[in-house]
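Work through the exercises below with the sequence and the model at hand. Each task is followed by a solution in steps.

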Amino acid sequence: MYSKSILSIGLIFCSLYLLGQSKLEKKANRAYENFLFRRAISLFEKVEQPTAEGLRNLSDCYIKTQQYGKLEEVYQILISTLPYNSEDLWNYAEAVKYNQ
């Protein structure tokens with residue numbers, strides 16, 4: 001009985017934590033959609049587990065603000081941990097080319 005209560009409380013806190021992350025990413029996406037790229041970058045960088053869309057938006061922010069070194073890092077994460085598409089692979093190659 002006692003262990004079930006602790007487990008339930010732990011699950012509630014984990015759920016609240018994950019909800020907070022998605023809200024932060026939504027806020028970052030809104031900043032991105034409003035062309036507030038530097039603000040979006042600061043928010044995206046705080047997201048613990050960004051979605052593929054979030055990483056793509058972050059990479060676009062880095063392009064818009066000419067931060068190519070960070071752009072390459074984001075694409076490395078995207079193509080190594082999340083389902084990616086051929087465009088992501090192409091963009092990663094372009095990012096590597098920018099940094100040479």
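**Exercise 1. The charged patch**

Find which residues gather in a patch of positive charge on the surface, and state which helix gives the largest share.

Solution. The model is predicted, so local features need pLDDT of at least 70 and side-chain atom pairs count only at pLDDT 80 or more, while totals for chains, interfaces and linings use all residues. Residues are numbered from 1 along each chain as its sequence is written, and side-chain values use heavy atoms, with hydrogens and water left out.

Step 1. Patch members must have over 30% relative accessible area and no salt bridge, and like charges are joined within 9 Å. Lys and Arg count as positive.

Step 2. The residues that gather in this way on the surface are K23, K26, K27, R30, R39 and K46.

Step 3. Helix α1 (residues 2-33) supplies the largest share, 4 residues. Helices are DSSP runs of H or I with at least four residues, numbered from the N terminus.

Step 4. K27 lies in helix α1. Its relative accessibility is 40%, so K27 counts as partly exposed. The classes are buried under 20% relative accessible area, exposed over 50%, and partly exposed in between, with a 1.4 Å probe and protein chains only.

**Exercise 2. Aromatic rings**

Determine how many aromatic pairs the structure holds, and classify the pair of Y32 and F37.

Solution. Step 1. Rings of Phe, Tyr and Trp (its six-membered ring) pair if their centres lie within 6.5 Å; planes under 30 degrees apart count as stacked, over 60 as edge-to-face and the rest as tilted.

Step 1. There are 3 aromatic pairs in the structure. For Y32 and F37, the ring centres are 6.0 Å apart and the planes stand at 65 degrees, so this pair is edge-to-face.

Step 2. Both Y32 and F37 are buried. Together with F35, they form one aromatic cluster.

**Exercise 3. Salt bridges**

Solution. Step 1. A salt bridge requires a side-chain nitrogen of Lys or Arg within 4 Å of a carboxyl oxygen of Asp or Glu.

Step 1. R56 bridges to D88, with the closest N and O atoms 2.6 Å apart. R56 is partly exposed because its relative accessibility is 26%, whereas D88, at 2%, is buried.

Step 2. K64 bridges to D60, and here the closest N and O atoms are 3.4 Å apart. K64 has a relative accessible area of 48% and is partly exposed; D60 has 19% and counts as buried.

Step 3. E94 bridges to K97, the closest N and O atoms lying 3.7 Å apart. E94 is partly exposed at 22%, and K97 is exposed at 53%.

**Exercise 4. The whole chain**

State how many helices and strands the protein has, and what share of its residues is buried.

Solution. Step 1. The protein has 5 helices and 0 strands. Read from the N terminus, the order of elements is α-α-α-α-α.

Step 1. Of the 100 residues, 31% are buried.

Technical notes:
Patches are made of residues with over 30% relative accessible area and no salt bridge: like charges are joined within 9 Å, nonpolar side chains (Val, Leu, Ile, Met, Phe, Trp, Tyr) within 5 Å. Accessible areas come from the Shrake-Rupley method with a 1.4 Å probe; for residues, only the protein chains shown count as cover. The place of a charge is taken as NZ of Lys, CZ of Arg, CG of Asp or CD of Glu. Helices (H or I, at least four residues) and strands (E, at least two) are DSSP runs, numbered from the N terminus.
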